[in-house]
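Let's take a look at the pockets of this protein, and then at one of its sheets.

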Amino acid sequence: MTTPPLVFIDGDQGTTGLQIHERLRGRMDLQLLTLPEAERKNATRRAEAINSCDIAILCLPDAPAREAAASIVNPAVRVIDASSAHRTDPQWVYGFPEMGVAQAARIAGAKRVSNPGCYPTGAIALLRPLVQAGLVPADLPITIHAVSGYSGGGRARVDEHEGTNAANAPAFQLYGLGLEHKHTPEIALHAGLSQRPFFLPAYGSFRQGIALTIALHLRQLPAGTTGERLHACLAQHFLGADHVEVLGLAQAQDTQHLDPQALNGTNQLQLGVFSNARHGQVLLTAVFDNLGKGASGAAVQNLDLMIGRGPQKSQP
């Protein structure tokens with residue numbers, strides 16, 4: 001009988017790590033390695049644990065994630081890094097299975113996988129197929145706006161909204177006003193943009209969920225581009241994808257509101273194309289759980305690919 005793979009979650013007491021534990025609870029096809037609380041910050045014990053497992057999932061800030069990856073001397077150990085430390089590193093496979101042809105297969109066979117960021121997941125899903133199809137120029141000035149639940153800010157934001165001072169927590173806050181958000185290079189690279197997009201994120205006073213939007217003017221797109229063509233491109237790209245849904249045009253037409261919390265607790269990503277031909281405007285939208293498809297759900301999806309569990313479909 002084959003021994004189930006041993007999975008070590010480094011940083012398993014953080015928001016993402018806890019959710020990964022929850023999603024893996026009761027799984028009989030793998031074993032979880034957990035360090036006692038007194039040993040979690042012990043560098044020697046962490047290095048021993050990471051070198052004794054089959055797959056390590058790093059749920060750490062960027063610098064400790066780099067240190068953890070560098071501590072691996074066992075060539076058999078495979079890694080999923082949930083931090084942003086390696087998302088633009090060509091030596092790591094980008095862990096967005098639905099991104100393109102054979103991406104799921106690349107993840108399945110990879111030694112090093114970098115989990116996508118939450119906001120980039122929505123932005124790349126919307127932009128990459130359209131850029132590759134020539135419907136959105138790679139050098140088009142792109143503005144991305146997204147509102148996330150406060151859990152996207154980590155423990156500090158969670159404490160702010162759920163701690164003793166929760167009554168004074170802001171209802172809404174824009175951030176990244178220095179226009180240096182660490183997700184921007186990741187979006188540009190994997191969406192295939194040749195120009196840095198303008199990215200403006202925000203937190204709302206809800207725990208989790210994301211609504212991300214990208215506004216387009218048809219006059220700035222190649223001649224003949226319509227909302228229908230943009231929608232058809234996305235629908236074809238994600239045809240058959242288990243975790244990505246593209247709203248039908250009629251369904252989008254009947255939609256009056258986007259709820260960022262609509263897919264909370266799932267690993268689903270819902271894309272939409274809202275167009276107004278009279279004004280020549282199109283709004284691309286993505287709704288998903290920042291702790292699901294934007295973090296722990298994606299990590300588990302990648303883990304399943306790496307251990308050969310579940311479908312390994314990829315879209316054209």
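A pocket here is an open set of points on a 1 Å grid over the protein atoms alone, where a 1.4 Å probe fits, with protein on both sides within 12 Å along at least five of seven lines; lining residues have an atom within 4 Å of a point. Its volume is the space filled by probe spheres set on the points, which are joined across faces, edges and corners. This is a predicted model, where local features need pLDDT of at least 70, side-chain atom pairs count only at pLDDT 80 or more, and totals for chains, interfaces and linings use all residues. Residues are numbered from 1 along each chain as its sequence is written, and side-chain values use heavy atoms, with hydrogens and water left out.

| Pocket | Volume |
|---|---|
| Largest pocket | about 770 Å³ |
| Second largest pocket | about 350 Å³ |

For the second largest pocket, G11, D12, R40, K41 and L60 sit closest to the centre, out of 17 lining residues. Strands (E, at least two residues) and helices (H or I, at least four) are DSSP runs, numbered from the N terminus.

In the largest pocket, α1 gives the most to the lining, with three residues.

Two strands count as paired if DSSP finds at least two bridges between them. β12 (residues 269-276) and β13 (residues 281-288) run antiparallel over eight bridges, and G272 has T285 in β13 as its bridge partner.
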